[in-house]
Amino acid sequence: MKGSFDMSSPTITWPARVTLCEVGLRDGLQNEKTIPSVEQKLQLLDAVVASGVKVIEIGAFVHPKAVPQMVDTDALCRAMKKIDGVEYRALVPNIKGVQRAFDAGLTKAKLAVSASEAHCLANFNSTPVRMVEGFADCAEFAAQNRMTLSGAISTSFGCPFQGKVPVAQVENVVRSFVKLGITELSLSDTTGMANPRQVYELGTHMIRMFPEVQWVMHFHNTRDMALANIVTAMQAGIRMFDGAFAGLGGCPFAPGASGNVASEDVIHMLHEMGVDTGIDLLKAMDTARMAAGFVGHAAASTVLKAGRCADLVKEKAKAQDNK
Ligand code: ZN
């Protein structure tokens, strides 16, 4: 390789560390046909914690008819052993959800809204901004009960109903959240429409406009762009990402499409790049195998199929030593 390229050429700076939030128990399982039991969910949760993940979305407090996969979130919360230093959060649609999360012993809830006006009007007969303004009671309840709220803004990168979602629409939703004092926000690409350039541009823009916000990005790998999106998001300055074990999840608007970006693929890529996650990749791969076993189909995970690059490098070095 010596002399084949100039190492002094302009370099890209990479973060030393990023945080990976595991959303497999919620977003991953939410779209699965075979639903693991509470006992199995507890096993998954233990495995996730043991691998070193510090932020875990354990379920959702939504109407059981809407999302039957999440019906046992209360039971899971009651049964789980909370470990110090790990954040356990649940997705909620409204004040009822926040109260249920509190009753179940959680101190963090994530309020979800769609940035797309067409999506919100079709499903809730409301606009995204009006929906966020309606979360004022959640903010009040959280303040009184020492809970922390975050927000998830889905379809931030595009919407199957509306097509393009103008940046101004996303900004308006962000501003409404910030007005309520909710400053941890996830820009979510539920339907896998985001591309790397768009992610970079929206990411840098949002960080500049709202420096007080702790940003998270949430990608689905519907069209195989999730890892590329994470790379350009890091370039934009994003330091928190969601992933789901085994790449579970799917897309509600594209039956059969692949799901959330697989946590173990994200961890593998980041470690290969020298970006630390604090997570043990081999353990994360074991978690993914367990999850795939519980849902009864193969994991959508390239590192599970091909193995770690690091293992190949080690094997080659060993073969050289034995010569
Ligand atoms: Zn999602």
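Residues are numbered from 1 along each chain as its sequence is written. In this predicted model local features need pLDDT of at least 70 and side-chain atom pairs count only at pLDDT 80 or more, while totals for chains, interfaces and linings use all residues, and side-chain values use heavy atoms, with hydrogens and water left out.

Reader: How many helices and strands are there in the protein?
Author: Both are DSSP runs, numbered from the N terminus: helices are H or I with at least four residues, strands are E with at least two. Counted in this way, the protein has 14 helices and eight strands.

Reader: What radius of gyration does the protein have, next to that of a compact globule?
Author: The radius is taken over C-alpha atoms, and the globule rule is 2.2 Å times the number of residues to the power 0.38. For 323 residues the rule gives a value near 20 Å, and the protein agrees with it, having 20 Å.

Reader: Is Ser154 buried or exposed?
Author: Buried means under 20% relative accessible area, exposed over 50%, and partly exposed in between (1.4 Å probe, protein chains only). Ser154 lies in strand 5 (residues 148–154). Its relative accessibility is 17%, so Ser154 counts as buried.

Reader: Which residues does Ser154 touch, not counting those up to four places away in sequence?
Author: Contact means heavy atoms within 4.5 Å. With residues up to four places away set aside, Ser154 touches Val113, Ser114, Ala115, Ser188 and Thr190.

Reader: Why is helix 11 largely enclosed by the rest of the structure?
Author: Helix 11 covers residues 263–272. What covers its buried residues includes strand 1 (19–22), helix 10 (226–236), strand 8 (240–243), helix 12, helix 13 (302–306) and helix 14 (309–322).

Reader: Which residue follows helix 11, and what is its phi?
Author: Among the buried residues of helix 11 are Ser263 and Leu270. After the helix comes Gly274, with a positive phi, near 80°.

Reader: Which residues touch the most other members of the largest nonpolar core?
Author: A nonpolar core is a set of buried Ala, Val, Leu, Ile, Met, Phe, Trp, Tyr and Cys residues joined through side-chain atoms within 4.5 Å. Among the 88 residues of the largest one, those touching the most other members are Ile56, Phe177 and Phe241.

Reader: Which helix gives the largest share of this core?
Author: The largest share is eight residues, and these come from helix 12 (residues 281–295).
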